[in-house]
Amino acid sequence: MSRDEFTRLLKRLRQAAHDGHDLSTVSAVYAARLLHLQALTLNLRAESGALELLWGTLADGHLGADLEDLQYTLGEGPTLDAARTGEAVTETDLTTQAAAERWPAFTAATHDTSARAVIAIPLLLGVATTGVMTGYRTTTGLFPMEQRLDLETFAHTALHLLLNTPPKALAADTDLEPVPRPDLSLHHAVVHQAAGFLSSRLDIPIADALLRLRAHAFSHNRRLVDVARDVLDQRLDLTPDS
Amino acid sequence: MGGPPMHNTERDARIARAVYDLAHRPADFDPLELLHDLTSQAVELLPVRSASITVLDNDRISYITASDEMTRELTEDQVELNEGPCLDSARTRKALVPTELDERWPNFAPRAHAAGITAIAAVSLRLPQMLLGALNLLMTQPPYMGTSDMELAQTLADTTGSTLAHRHELADKNILLAQLRTALDSRVTIEQAKGMLAGRFDIDMDEAFTRLRHHARSQRRKLSDLAAQIARGNVPSEFYSVR
């Protein structure tokens with residue numbers, strides 16, 4: 001049943017990619033369900049090499065945003081490894097010692113979430129890694145070959161849809177506000193705003209401001225986006241001696 | 001070139017490897033190198049002395065590459081003399097079964113014979129978008145290429161053609177990706193600049209973005225360039241005079 005549904009989804013997406021539509025036409029929640037995953041995310045690599053979360057099961061109450069937020073904060077995890085190596089990364093049981101040794105901070109942090117297994121697939125264009133599609137499951141265990149192949153096929157199609165995104169939809173480089181795209185947005189916009197804000201208040205470079213945000217989120221076990229919002233609302237002062 | 005006879009299975013494996021080799025190339029592969037490899041594979045797998053590639057571009061035929069120097073000369077001779085089986089095959093856009101060189105090509109045939117070439121065959125090479133070319137196969141003595149040899153030659157040529165077609169597609173995708181990445185970087189910078197202005201002037205994000213756009217427009221600067229300057233901590237003095 002859901003096999004046929006997945007085949008139909010892929011067919012529809014290939015047609016959409018061919019017709020010039022972008023990834024905002026794809027419901028991440030629906031795709032995740034057909035792939036038997038509880039969360040699904042897509043990061044694109046910026047020119048700087050940094051990964052930016054653009055699409056996925058990101059609404060509150062969904063796992064995707066939190067797990068990517070953790071990796072962004074901690075600077076380690078499967079998505080980052082897949083981007084770095086250009087190879088698929090899987091961890092079939094996040095409760096094991098082996099997982100803890102692989103990504104000590106990330107694995108420990110996942111224990112506060114319901115995620116128990118992860119698979120990260122690099123999005124390759126030719127031989128270049130352009131981004132990463134990551135899937136999370138709330139149960140431990142192997143990712144069966146069929147599930148892996150389906151995810152790889154889906155990731156490949158998603159990349160082609162992503163490439164159809166009008167640059168203006170992301171850039172805000174015109175007199176217009178970015179065109180709102182329900183399922184496609186710069187998830188960490190608020191974090192970059194907060195980095196700029198801190199940079200001007202503390203008179204430090206943006207990169208240092210971002211590090212300070214990440215360090216605070218890590219040491220206080222908070223979500224990076226929440227820390228960023230608090231900084232912008234001036235509920236949180238990150239001056240060194242405060 | 002002959003060589004010791006192979007078992008069928010060994011030859012099969014070599015054919016499979018050749019097709020794989022012609023089909024799998026890195027994103028930035030050199031098309032000329034691929035075409036040269038096609039001539040080498042043809043010589044390796046078919047009962048021919050040598051091979052060359054010609055293409056037809058706006059009814060002009062030109063030589064592209066060959067498996068060796070003698071074949072390069074013979075192919076260029078045909079273009080120069082404006083006669084020869086490779087030209088006929090390219091002009092008619094049809095495959096040419098092994099054809100013995102005789103008085104039909106009064107100027108070219110003697111040159112070929114002097115080099116030991118007695119027959120030539122060709123299969124068409126379909127290149128993406130603009131060009132149609134031929135893979136020319138030069139032979140020194142019977143038995144000449146048979147039907148299955150011609151089919152194999154066509155398969156090698158088709159594989160090469162589709163690899164070249166994919167290269168164009170990949171190049172297009174790479175341009176789209178570059179644009180998207182630039183847009184992403186510019187967006188990140190703009191968010192940082194908004195935050196920077198918000199912190200400096202104690203304004204909200206909407207107001208920060210309004211001022212950013214206003215100044216970019218009045219200074220006729222790209223929003224992303226102005227944002228990048230601000231994100232580096234360098235807020236232009238005009239910002240301080242705005243209320």
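Predicted model: local features only at pLDDT ≥ 70, side-chain atom pairs only at ≥ 80, totals over all residues.
**Chain B, overview**

I started with burial in chain B: of its 243 residues, 38% count as buried. Next I went through the secondary structure and found 9 helices and 5 strands in chain B. Read along the sequence, I get the pattern α-α-β-β-α-α-β-α-β-β-α-α-α-α for chain B. I also looked at how far apart in sequence the contacting residues are. Among the chain B contacts with a separation of 6 or more, 57% come from residues 24 or more positions apart.

**Helices α6 and α7 of chain B**

I then picked a helix pair. A packed pair is described by the angle between the two axes and the distance between them, so I looked up both. Helix α6 of chain B covers residues 147–201, helix α7 of chain B covers residues 205–218, and the two pack at an angle of about 110 degrees with their axes 8 Å apart. The range for roughly perpendicular is 65 to 115 degrees, so I wrote down α6(B) and α7(B) as roughly perpendicular to each other.

Which residues make this contact? From α6(B) I listed B:Ala193, B:Lys194, B:Leu197 and B:Ala198. On the α7(B) side I have B:Met205, B:Ala208, B:Phe209, B:Arg211 and B:Leu212. By class, the contact of α6(B) with α7(B) holds 7 nonpolar and 2 charged residues, and no polar ones.

**Where chain A meets chain B**

I moved on to the contact between the chains, which takes 30 residues from chain A and 34 residues from chain B. Which elements of chain A give two or more residues to the side that touches chain B? I found β5 (128–137), α8 (167–171) and α9 (189–202) of chain A. Of these, α9(A) gives the most, with 10 residues. I sorted the chain A side by class as well: 16 nonpolar, 9 polar and 5 charged residues.

**Nonpolar cores**

Last, the cores. The largest nonpolar core has 89 residues, and those with the most contacts inside it are A:Ala158, A:Ala194, A:Leu213 and A:Ala228. Which element gives the most to this core? I had been looking at it already: α6(B), with 10 residues.

I checked the neighbours of A:Ala228, leaving out residues up to four places away in sequence. A:Ala228 touches A:Val190, A:Val191, A:Ala194 and A:Leu213. A:Ala194 and A:Leu213 are also on my list of residues with the most contacts inside the largest core.

How values were computed: Residues numbered from 1 in each chain as written. Chains lettered and ligands numbered in written order. Contact = placed C-beta atoms within 7 Å. Helix = DSSP H or I, 4+ residues; strand = E, 2+ residues; numbered from the N terminus. Nonpolar A, V, L, I, M, F, W, Y, C, P; charged D, E, K, R; others polar. Axes fitted to C-alpha atoms, helices over the stretch in contact; angles between N-to-C directions. Parallel < 35°, antiparallel > 145°, perpendicular 65-115°, else oblique. Buried ≥ 20, exposed ≤ 12 C-beta atoms within 10 Å, placed from the backbone. Core = buried A, V, L, I, M, F, W, Y, C linked by C-beta atoms within 7 Å.
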